[in-house]
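Let's walk through this one together, question by question. Take a look at the model first, then read on.

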Amino acid sequence: MCIRDRYMGLLMEQKKEPEQKDETIHKEEVAKAEPVQIKKQDAPETKAEAPHEEKVEEKKKPEPEKPADAEQLQELHEESKEQQEEEGKEDEKRNVKPEDYVMPTSFEVEINLEDNQIRIVNVEVEKVQKPKPFLGGFLNKKNGASYHNAFAQTDQYERPHPKMNHREVQTFQYKSQTTLMMREFSSQTPCPGIVIETRNDKIIEAKPYFTSEMWMKKRIETALFVQRMVRGWLARREALKERKARDQGMEENTKKQEELRKKDEEDHKREIERRMHPKTAEDFEILRNELDAWRENETKKIKDAAAAKELSEQEMQKALHQLLIKETKLLQTIDRLKNTATVVNREERIELMLKAMSAPKMWKRTDGRYTEVVTPFTTRAKELMELYNGLKMPFLSIDERLDILLHVKWTVNEFDCNLTREIVDLIDREADMLNRGRSEKSLEGLRKRLCNQFLQFIETVEFNPEAVRFQKVPREMLQQTQTNLFDQ
């Protein structure tokens, strides 16, 4: 039996049986004093349950004296058990209700320690004047006891939350506005003494009742309508997709056909250009093959006509002679086109070489892009290219031609060799002939020779370092070969 039940029994006994107060207090003292020496072996720890705030003070009780005789110890143990059984029976007879219990201001609690010692703890009770709020729990209908949840039995602490406001709440401008109804309505039933206007009244009749079967039928019809619309939408979408694919395929086919047509036209123009203005060896090979095929075909026609006795022997020989003259003229035309193509190809090759020499260097960076770098060698090559183009330029005045010749002379005078001396000599001769008023046609050979000499000057590595990349024979091998020849 716990200490709370013991005090509850004491209180009820004082109310009902005042004459037995002294005997009950004596029994309580004996129950506290005698079992002290018995609890060393198997007495459990006693815990006090207090629903209110408690202040605990601990006191250490001195170790009780051991009984001298074991039989006496056994007798005390039996008497303590009998007394506890009697007290339990008396408490059951009392039937004390919880609402009649009054909590004392303090009570003592005995605690068994590990070293077989007993410690008495004095517990002081602070009573709460106001009733606890009911914040959840349940009620025992048999004895009327109410049990609260743990939330009502424990102290709650405030959880602070930072004040966070939305920007619109902080900045939005609110305003209040009142409105009035445009018209007020009311209703009134007819009664004696009240006349109600009925001219504008309308008779409303109830519609047919809408049953659950009709509702289900309506739902099914609506579902079918939705499904029909969705299927139509899916079909239209699929048809639109196929239509787009078809249009795209037709457009691609049209583009391909247009590209093929343009390619055929370009190929046809290119073939005509190759025959009208041949430039490469392949173009001339095509012309010679076609000329041979034409000659063989014409010869075969003449011989077939002679075999059929359409032509006499003299007419056949005359036709073959005419065919030979035509072939000779075509061969001369091919040779003339070949010479023209050689000159044109040489000019284009020289122009490409000079542009490649004067082009800036392209250095590749780590990010994949290129940087143009102009070096002193590329600058030198560009100056020489401009002078060469100036020498090739036709239809210049005498002053402009003399100015170009003077710049070329200053450029080559930086070096002293047979080539530079020959270029200076040619420049002086052209300047002298210009001062004498000679015609442009009479200076064509001299100017052509001067251009060739200056081109040789540009292609020399000592005068133009960029020319080393365009040497057919490596410069070191050429110098070594010349040295070996001179040594022999």
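Q: How much accessible surface does the protein chain have, and what share belongs to carbon and sulfur atoms?
A: Keep in mind that this is a predicted model. The accessible surface of the protein chain comes to about 40,600 Å². Carbon and sulfur atoms account for part of that area, and their share is 53%.

Q: What percentage of the residues in the protein chain are buried?
A: Buried here means under 20% relative accessible area. The chain has 488 residues, and the buried ones make up 20%.

Q: How many helices and strands does the protein chain have?
A: Both kinds of element turn up in this chain. Going through the protein chain gives seven strands and 14 helices.

Q: Among contacts between residues at least 6 apart in sequence, what percentage join residues at least 24 apart?
A: Start with the contacts in the protein chain whose residues are at least 6 apart in sequence. Of these, the share joining residues at least 24 apart is 58%.

Q: Which residue has its charged end over the ring of W233?
A: A charge sits over a ring only if it is within 6 Å of the ring centre. Here the distance from the centre is 4.7 Å, and the charged end is that of R237.

Q: How are the rings of F210 and W215 arranged: stacked, tilted or edge-to-face?
A: The structure holds five aromatic pairs. F210 and W215 form one of them, 6.5 Å centre to centre with 65° between the planes. Planes over 60 degrees apart fall in one class, so this pair is edge-to-face.

Q: Are F210 and W215 buried, partly exposed or exposed?
A: Partly exposed covers the range between the buried limit of 20% and the exposed limit of 50%. F210 has 45% relative accessibility, and W215 has 47%. That makes F210 partly exposed, and W215 is likewise partly exposed.

Q: Which residues do ring pairs link into a cluster?
A: Look for phenylalanines here. The cluster linked by ring pairs consists of F415, F454, F457 and F463.

Q: Where is K309, and what is its phi?
A: K309 is found in the loop between α8 (281-307) and α9 (313-358). With a relative accessible area of 76%, K309 is exposed. K309 is not a glycine, yet its phi is positive, at about 60°.

Q: What value is the phi of F395 near?
A: F395 is found in the loop between α10 (376-392) and α11 (398-412). Its relative accessibility is 82%, so F395 counts as exposed. Its phi is positive in a residue other than glycine, and is near 55°.

Q: How many residues apart are R288 and D335?
A: The count of salt bridges comes to 27, and R288 and D335 meet in one, at 3.5 Å from N to O. R288 is in helix α8 and D335 is in helix α9, so the pair links distant parts of the chain. R288 is partly exposed at 34%, and D335 is partly exposed at 36%.

Q: How far apart are the closest N and O atoms of D416 and R421?
A: D416 counts as exposed at 65% relative accessibility, whereas R421 counts as partly exposed at 44%. The two form a salt bridge, and their closest N and O atoms are apart by 2.7 Å.

Q: Are E430 and R447 buried or exposed?
A: E430 and R447 form a salt bridge with closest N and O atoms 2.8 Å apart. E430 lies in helix α12 (residues 418-435) and R447 in helix α13 (residues 444-459), so the pair ties together parts 17 residues apart in sequence. E430 has 0% relative accessibility and R447 has 16%. E430 therefore counts as buried, and R447 is also buried.

Conventions. Residues numbered from 1 in each chain as written. Predicted model: local features only at pLDDT ≥ 70, side-chain atom pairs only at ≥ 80, totals over all residues. Heavy atoms only, no water. Phe/Tyr/Trp six-rings, centres within 6.5 Å; stacked < 30°, edge-to-face > 60°. Buried < 20%, exposed > 50% of the residue type's maximum accessible area, 1.4 Å probe, protein only. Lys NZ or Arg CZ within 6 Å of the ring centre and 35° of its normal. Helix = DSSP H or I, 4+ residues; strand = E, 2+ residues; numbered from the N terminus. Contact = heavy atoms within 4.5 Å. Areas by Shrake-Rupley, 256 points an atom, 1.4 Å probe, with all protein chains shown as cover. Salt bridge = Lys/Arg side-chain N within 4 Å of Asp/Glu carboxyl O.
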